[in-house]
Amino acid sequence: MNVLKVLAPLPIGFSVFMVHLATIPITGTGINPARSFGAAVIYNNQKAWDDQWIFWVGPFVGAAIAALYHQFVLRAGAMRAYGSVRSQLHELHA
C-alpha cells in the first residue's frame, strides 16, 4: 500500500481545520460558497459581505491550479513512465 494514500487525510483535515479557524468570525465557518452566501443574506453583516468574494473566487482559482497541475505535472509524469515502459517492452520483444 502506498504510504501517501494512507497519509492523505492528514493534509485535507489540516486544511479544513485552518479554514475553520480563519472563517469562524466571518461566516461561522462557511467553507461552501452557498453556505457563506446564505449566512451573509440572513445576518446581513457588512463584514460577511466584504469577504464574500473569497468564497466564490477561491474555489475557481483552486480548481484552475489543480487542473494545470494535473495536466502538466501528473499527466506529464505518467506519460514519461508510459514511454519508459513501452521502450522496455520493445527491447524485450526485439
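Colour the protein by secondary structure: there are five helices and zero strands, where helices (H or I, at least four residues) and strands (E, at least two) are DSSP runs numbered from the N terminus. Along the sequence, the pattern reads α-α-α-α-α. Of the 94 residues in the protein, 13% are buried; here buried means under 20% relative accessible area, exposed means over 50%, and partly exposed lies in between (1.4 Å probe, protein chains only).

The model is predicted, so local features need pLDDT of at least 70 and side-chain atom pairs count only at pLDDT 80 or more, while totals for chains, interfaces and linings use all residues. Residues are numbered from 1 along each chain as its sequence is written, and side-chain values use heavy atoms, with hydrogens and water left out.

**Stop 1: the annotated spans**

Select residues 12–33 and 53–74, which the unreviewed UniProt entry gives as "transmembrane region". UniProt positions follow the numbering used here, feature names are shortened, and annotations may be inferred rather than shown by experiment. Keep residues 53–74 selected: this span is 100% helix and 0% strand, and its end C-alpha atoms lie 30 Å apart.

**Stop 2: the aromatic pairs**

Next, display the aromatic side chains. How many aromatic pairs does a search of the whole structure find? The search finds two. Rings of Phe, Tyr and Trp (its six-membered ring) pair if their centres lie within 6.5 Å; planes under 30 degrees apart count as stacked, over 60 as edge-to-face and the rest as tilted.

Begin with Phe14 and Phe17, whose ring centres are 6.5 Å apart and whose planes stand at 40 degrees, so this pair is tilted. Both residues belong to helix H2 (residues 9–27), three residues apart, about one turn of the helix. Phe14 is exposed, at 52% relative accessible area, whereas Phe17 is partly exposed at 45%.

Now move to Phe37 and Trp49. Their ring centres are 5.9 Å apart and their planes are at 80 degrees, so the pair is edge-to-face. Phe37 lies in helix H3 and Trp49 in helix H4 (residues 46–50), so the pair ties together parts that are twelve residues apart in sequence.

**Stop 3: the nonpolar patch**

Which helix supplies the largest share of the nonpolar patch? That share, six residues, comes from H5. Helix H3 (33–43) and helix H5 (52–93) each supply at least two residues of the patch.

**Stop 4**

Select Gln52 in helix H5. Is Gln52 buried or exposed? Gln52 counts as buried, at 7% relative accessibility. The side chain of Gln52 makes a polar contact with the side chain of Trp56 at 2.9 Å; such a contact is a pair of N or O atoms within 3.5 Å, where within protein one must be able to donate a hydrogen and the other to accept it, and residues adjacent in sequence count only if both atoms are side-chain atoms. Trp56, also found in helix H5, is partly exposed, with a relative accessible area of 39%.

**Stop 4: C-alpha distances**

- Trp56 to Ser36: 9.3 Å apart in space and 20 residues apart in sequence.
- Phe37 to Phe55: 8.4 Å apart in space and 18 residues apart in sequence.
- Pro59 to Pro33: 8.5 Å apart in space and 26 residues apart in sequence.

Pro59 lies in helix H5 and is partly exposed, at 41% relative accessibility.
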